[in-house]
There are 2 protein chains.
Amino acid sequence: MIGVMGRWEPNARGRLEQAALELYVERGFEQTTVAEIAERAGLTERTFFRHFADKREVLFAGADNLQELLVSAVAGAPDSVPPIEAVAAALEAAGGLLQQRSEYSRRRQAVIAANAGLQERELIKLASLASALAGALRKRGVADPAASLTAEAGIAVFKIAFERWVSEASRPELPQLIRESFGELQALTAGK
Amino acid sequence: MIGVMGRWEPNARGRLEQAALELYVERGFEQTTVAEIAERAGLTERTFFRHFADKREVLFAGADNLQELLVSAVAGAPDSVPPIEAVAAALEAAGGLLQQRSEYSRRRQAVIAANAGLQERELIKLASLASALAGALRKRGVADPAASLTAEAGIAVFKIAFERWVSEASRPELPQLIRESFGELQALTAGK
């Protein structure tokens, strides 16, 4: 194996993600080791640690991309768009990204649902997304508490839409569920 | 001290909470030990552990009371009250409880804001409150996703109102801030 180390490996990151998720589904998150993930992916542990800090981070590495996408979508919305609309459009775009990996997302969610520590990590990532969204709104000139409130409400909608997406047998599309959930929030807050 | 152990101590729980918070403010959460908290309260470590699992739980013990209050307030709202109104009234009642301990709450929040682990714990407690609220709404016959969405939106409002309450120099009343924030959420989701 020594001769192989450090060699460029095509799509190492994606292969590690796929291998990790397979093993977490088969054996459980706790029971899986980094050595096993690397072996399943046909890579070395050293390669694993070039891409991920630990076996937990494999499941959350996508959150940074999602956050960047949300922030730039809010930043790029036309000035005339109200804050809630900018957030809804950003979350729909993020939903479109996740929709492209729907099988991966569903299986990932099953792994997270089975482990309290991973659920806590997910909550923390969602709170970071809300902070980032609020920051992007403030940059558009939205004052607090409106910026924080819009961001937190948006993440609440996203969370509920995501839960429906991974659990409903009819396999609805995530961006559509996000749009619907914003409509429901509007009706609910109006007391309907 | 042996003769004292097990003796009934008047308001041991409250004295331990007060002593713990004083020490967390003075020395920082990480630097404080259970032995020091017990000593400051004039009690034994054994008494501490009869009331709290560890030094972190001293800060979160109130969340169970809050949850019970929220659940029974939602359960007790008249049938004619829309879900968002039942949740808003429950959170205002909880805000009234916190308002009675406003100095404690402000100092507690400063301790939590200074420690990432405590912030994570706070997020988890808020997520539990949202789940409990959603459960209480389902018992009123509110279907999902409306139940979850209303509960999550309510907790988002509560979080923002709470942050304003502990940070604003003008010392507004928490129930009032919660009521205002529900109004703002309504306006924001309507795209205003």
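**Glu184(B), with a relative accessibility of 26%, counts as partly exposed.** Here, buried denotes under 20% relative accessible area, exposed over 50%, and partly exposed the range in between (1.4 Å probe, protein chains only). The model is predicted, so that local features need pLDDT of at least 70 and side-chain atom pairs count only at pLDDT 80 or more, whereas totals for chains, interfaces and linings use all residues. Residues are numbered from 1 along each chain as its sequence is written, chains are lettered from A and ligands numbered from 1 in the order in which they are written, and side-chain values use heavy atoms, with hydrogens and water left out. Glu184(B) forms a salt bridge with Arg164(B), in which the closest N and O atoms are 3.8 Å apart; a salt bridge is a side-chain nitrogen of Lys or Arg within 4 Å of a carboxyl oxygen of Asp or Glu. Because Glu184(B) lies in helix H10 of chain B and Arg164(B) in helix H9 of chain B, the pair ties together parts that are 20 residues apart in sequence. Helices (H or I, at least four residues) and strands (E, at least two) are DSSP runs, numbered from the N terminus.

**Arg164(B) also meets the side chain of Glu180(B) in a salt bridge (3.8 Å, N to O).** This pair links distant parts of the chain, from Glu180(B) in helix H10 (residues 174–189) of chain B to Arg164(B) in helix H9 of chain B, 16 residues apart. Arg164(B) is buried at 16% relative accessibility, whereas Glu180(B) is partly exposed at 34%. In chain A, a network of salt bridges links Arg164(A), Glu168(A), Glu180(A) and Glu184(A). Over all chains, the count by this rule is 30 salt bridges.

**Chain A is superposed on chain B by a rotation of 180° with 0.0 Å of shift along its axis (RMSD 0.0 Å).** The two copies are therefore related as by a two-fold rotation axis. In chain A, the C-alpha of Ala153(A) is the one nearest the axis, at 2.8 Å from it. The same surface serves both copies, as 100% of the contact residues of chain A recur in chain B. The superposition is by least squares on the C-alpha atoms of residues with pLDDT of at least 70 in both copies.

**The interface brings 26 residues of chain A into contact with 26 residues of chain B.** Contact means heavy atoms within 4.5 Å. About 2,500 Å² is buried between chain A and chain B, and carbon and sulfur atoms give 77% of this area. Leu149(A), Leu188(A) and Thr189(A) supply 25% of the area that chain A buries against chain B, more than any other three residues. Buried area is the accessible area (1.4 Å probe) that two parts lose on being put together, summed over both.

**Between chain A and chain B there are 2 salt bridges.** One of them joins the side chains of Glu152(A) and Lys159(B) (2.9 Å, N to O). Lys159(A) forms a salt bridge with Glu152(B), with the closest N and O atoms 2.9 Å apart. This pair crosses between chains, from helix H9 of chain A to helix H9 (residues 146–167) of chain B. Lys159(A) is buried at 16% relative accessibility, and Glu152(B) is buried with a relative accessible area of 16%.

Helices H8 (116–139), H9 (146–167) and H10 (174–189) of chain A each supply at least two residues of the side of chain A that touches chain B. H9(A) contributes the largest share of that side, 11 residues. By class, the side comprises 15 nonpolar, 6 polar and 5 charged residues; Ala, Val, Leu, Ile, Met, Phe, Trp, Tyr, Cys and Pro count as nonpolar, Asp, Glu, Lys and Arg as charged, and the others, Gly among them, as polar.

**A cis peptide bond joins Asp144(A) to Pro145(A), with omega near 5°.** Pro145(A) is found in the loop between H8 and H9 of chain A. In chain B, the peptide bond between Asp144(B) and Pro145(B) is cis, with omega about 5°.

**Arg171(A) has a positive phi near 50° and is a residue other than glycine.** Arg171(A) is found in the loop between H9 and H10 of chain A and is partly exposed at 47% relative accessibility. Arg171(B), not a glycine, has a positive phi of about 50°. Most residues other than glycine have a negative phi, and most peptide bonds are trans.
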